[in-house]
Amino acid sequence: MTNLEEFIEEINRFEAIISEWDESQRCVAVGLKRAIEALHKEALTRLIKSLKQDSVSALRHAADDQVVYAVLLYHDLVKPPLPPILQRIQAALDEVRPGLKSHNGDIELVAFKPPDTVEVRLIGTCSSCPASNLTLSQGVEQAIKNYCPEITQVVAVGDRSTVDNTNTGLTTPFPPTITTAWVRVATVEQIPDGGIFVTKVGGHSLILYRQGDRITCYRNACSHLASPLDGGKVENGIITCPTHGFQYQLDTGKCLTADVPLHSYPVQIKGDKAFVKISR
């Protein structure tokens, strides 16, 4: 028996049988079940502590197994998975968090309000800093929109100063200005027809896809958990993320697995060269 559904079916079958017993018999069965579960949880807790000390990667690899994860989740030893959109928002906040912490601040997700609004709270010194408007607009908001193009509004809740963003005396952990420019990234011949070309420009990892004379460009990051896509299989214009199997149409960026499209960049072809418009 190796399938999780088969294990659950068997458990449900026995629980249905026990439910037909009289109360005294059920109490004995439930008591036995709780004692066994307490023993298992204690053993798993000690095992996890040991693995954390020796090899965190081994622990994560073990938790990738469906049956192992289900048992750990049952015993509240792992957190239930967040919806993909919340995972991407948290990944964006993790990206900006080091900059905020360098100013003795931090940030937390308050709420996602479908379809396009995120509420966050700046905490620590960032909550009362006069530059908090700049921090929100130039760092947090941009990061969230990079990971989640469908988000159009990022709102800070709680105490936060309202200031004139043109005050050049303000300091923020993020660059004061963001500009865009057309950057040459490849020649047309470098991008295989029906395949992808991977490059890095100005700190951006990009993948370019060519179909005849048409070229599209995307951030080299799966919209699910931002895993690199360049190692994924490309077949019939569809790329499959090598980490969790999310699939995307390379001509449009549309995700075939969930409503989480790839982050795209404008492309221009001049002669035999491909240019991409990116932030600098």
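## Salt bridges

E42 and R46 form a salt bridge, with the closest N and O atoms 2.8 Å apart (the term covers a side-chain nitrogen of Lys or Arg within 4 Å of a carboxyl oxygen of Asp or Glu). This is a predicted model, where local features need pLDDT of at least 70 and side-chain atom pairs count only at pLDDT 80 or more, while totals for chains, interfaces and linings use all residues. Residues are numbered from 1 along each chain as its sequence is written, and side-chain values use heavy atoms, with hydrogens and water left out. E42 and R46 are four residues apart in helix 2, so about one helical turn separates them. Helices (H or I, at least four residues) and strands (E, at least two) are DSSP runs, numbered from the N terminus. R46 is exposed at 57% relative accessible area, while E42 is partly exposed at 38%. For those labels, buried is under 20% relative accessible area, exposed is over 50%, and partly exposed is in between (1.4 Å probe, protein chains only).

How many salt bridges does the rule give? The count comes to 11. Among them is the one between R13 and E10, at 3.0 Å from N to O. These two sit three residues apart in helix 1, again about one turn of the helix. R13 has 42% relative accessibility and E10 has 30%, so both land in the partly exposed class. K113 and E119 also meet in a salt bridge, at 2.9 Å from N to O. Here K113 is partly exposed at 42%, whereas E119 is buried at 15%. Elsewhere, salt bridges that share partners tie D94, R97 and D106 into one network.

Four strands make up an open sheet in the order 5-6-7-11, with antiparallel pairing (strands pair if DSSP finds at least two bridges between them).

Strand 6 (residues 204-211) and strand 7 (residues 214-219) are joined by six antiparallel bridges. Y209 has T216 as its bridge partner in strand 7, and Q211 stands opposite R214. The two strands form a hairpin with two residues between them, and G212 in that turn has a positive phi of about 70°.

Most residues other than glycine have a negative phi, and most peptide bonds are trans. With that in mind, D76 has a positive phi near 60°. D76 is in the loop between helix 4 (66-74) and helix 5 (84-101), and is exposed at 63% relative accessible area. N236 has a positive phi near 55°. N236 belongs to the loop between strand 8 (233-235) and strand 9 (238-240), and counts as exposed at 76%.

Which residues does the cis peptide bond join? The bond is between P114 and P115, with omega about 10°. P115 is in the loop between strand 1 (105-113) and strand 2. T117 is in strand 2 (residues 117-124) and is buried, with 13% relative accessible area. The T117 side chain makes a polar contact with the D116 side chain at 3.2 Å. A polar contact is a pair of N or O atoms within 3.5 Å; within protein, one must be able to donate a hydrogen and the other to accept it, and residues adjacent in sequence count only if both atoms are side-chain atoms.

## Buried residues and a surface patch

F275 lies in strand 13 (residues 273-279) and is buried at 16% relative accessible area. As for cysteines, C148 is buried at 0% and C217 at 2%. The disulfide count comes to zero, the rule being a pair of cysteine sulfur atoms within 2.5 Å.

W21 is in the loop between helix 1 (4-18) and helix 2 (23-54), and is partly exposed at 37%.
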